[in-house]
Every structure is written in C-alpha cells, then in structure tokens.
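Q: Before the details are discussed, please show the model and its sequence.

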Amino acid sequence: MIAFVGSEAIAYRAVSRGVLRSRYTAILPNIYVPNGTPLDLEVRAQAAWLWCGRSGVIAGRAAAGLYLTPGAVTAEPIEVIALKSKHPPGVIVRNERIAVEEITIRQNLPVTSPARTALDLARRLDRADAVELIDQLIAATQVCEDDIRRLAGRYPRARGIAAARATIMDID
C-alpha cells in the first residue's frame, strides 16, 4: 500500500514530523504518499479508505474502475460507503446500507461487488453513461443482469432505484 496514515507513521517512529513534511505529500487529511507519486485511481482509493479509518467500502465509479483495466475510468471524486458525516474534497461519503455479500476485495481494498457497483452506477449516473460503464463492468466481471435486478429488489425504497430499474433494461 502506497498511501499511509501520517499520525500512525509518526507514532510507530517510522518517520519524524520533519521527514513527513519534506518527503511526503498529504493527499487527504492525515493521509500521505511519497512526493511525486502518481495519484491514480488505486492510490486515491487507498487514501480514501484509510481516511475513513479502514472501515469504508469503495463504491460507484471508483469501484468500477478497480474492476476494469487501469485507466478505463478516472473516478473523481472517490465514493466510499462509510459512517462519516464530513468529507474532504475528492471524497464522497455515502451513508447507506450494504450487506456483507455485497462487498469483495480488489487490490487489497474492500470494494462493492460487481452487482452492487452496477446498481449504484445505475442509481446515480446519467442513463447513457451508466449503461456504457455497466456494459464494460459486465464484460470484465461476468456479473449478469439478473444479479443486478435481484439486488435492486433488495432495496425497493433506495434513492434512485426507479431510475436504476429503467437503466438495467437498457443493458446489452
């Protein structure tokens, strides 16, 4: 993992405050990367997860990007399902229900499952953008339309679920 919690590194005496300031860049509050590190999707997702206290789940476009080939999705900001009320620029926190079976591990990070990722994209993105991204996700992960539809049935009153059902109908 490239990103790290600055206060933990200082507490474990891995770095001093001076070294932290001079050799590392803060990309979120108390989350650092070595100077010059490219801030790709994976690094920003790691940082967001650490910022959430290692308790969040990467979701939305960021989750889709972790399933697809590197560079296929440039998710800005990173969406995280977590129990936080405030968030820094570059992170969107969603306080939502999520079942354990809707979480998987990608690149050592908890990420929404392909079906949950597709459902979230269908709920929140413009219909055409959602269909395009979900089609790519289906091709990459072998999740099927029925899995997404079944998951939508689990959350009948969730915000954007009607739009999601309509979007799911357009998936190839």
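Q: Which residues is L119 in contact with, leaving aside its neighbours within four places in sequence?
A: Contact means heavy atoms within 4.5 Å. By that criterion L119 touches I148, L151, A152, Y155, I161 and A164, its neighbours within four places in sequence being left aside. This is a predicted model, in which local features need pLDDT of at least 70 and side-chain atom pairs count only at pLDDT 80 or more, while totals for chains, interfaces and linings use all residues. Residues are numbered from 1 along each chain as its sequence is written, and side-chain values use heavy atoms, with hydrogens and water left out.

Q: How many residues has the largest nonpolar core?
A: A nonpolar core is a set of buried Ala, Val, Leu, Ile, Met, Phe, Trp, Tyr and Cys residues joined through side-chain atoms within 4.5 Å; buried means under 20% relative accessible area, exposed over 50%, and partly exposed in between, with a 1.4 Å probe and protein chains only. The largest nonpolar core has 49 residues, and I31, I58, V80, L119, I134 and I148 have the most contacts inside it. Helix α3 gives the most to this core, with eight residues. Apart from it lies another core of five residues, among them F4, A9, V15 and L20.

Q: In what order do the strands of the open sheet lie?
A: Strands of a sheet pair through backbone hydrogen bonds, either parallel or antiparallel. Helices (H or I, at least four residues) and strands (E, at least two) are DSSP runs, numbered from the N terminus, and two strands pair if DSSP finds at least two bridges between them. Here three strands form an open sheet in the order β1-β3-β2, with antiparallel pairing. Strands β1 (4-5) and β2 stand at the edges with a single partner strand each, so one side of each has no neighbour in the sheet. Four bridges join β2 (residues 24-28) to β3 (residues 31-34); L28 has I31 as its bridge partner in β3, and A26 has Y32. In the hairpin of β2 and β3, with two residues between the strands, N30 takes a positive phi near 70 degrees.

Q: Where is G71 placed, and is this residue buried or exposed?
A: G71 belongs to the loop between α4 and β5 (78-81). At 68% relative accessibility, G71 counts as exposed. The C-alpha atoms of G71 and E132 are separated by 15 Å, although the two residues are 61 residues apart along the chain.
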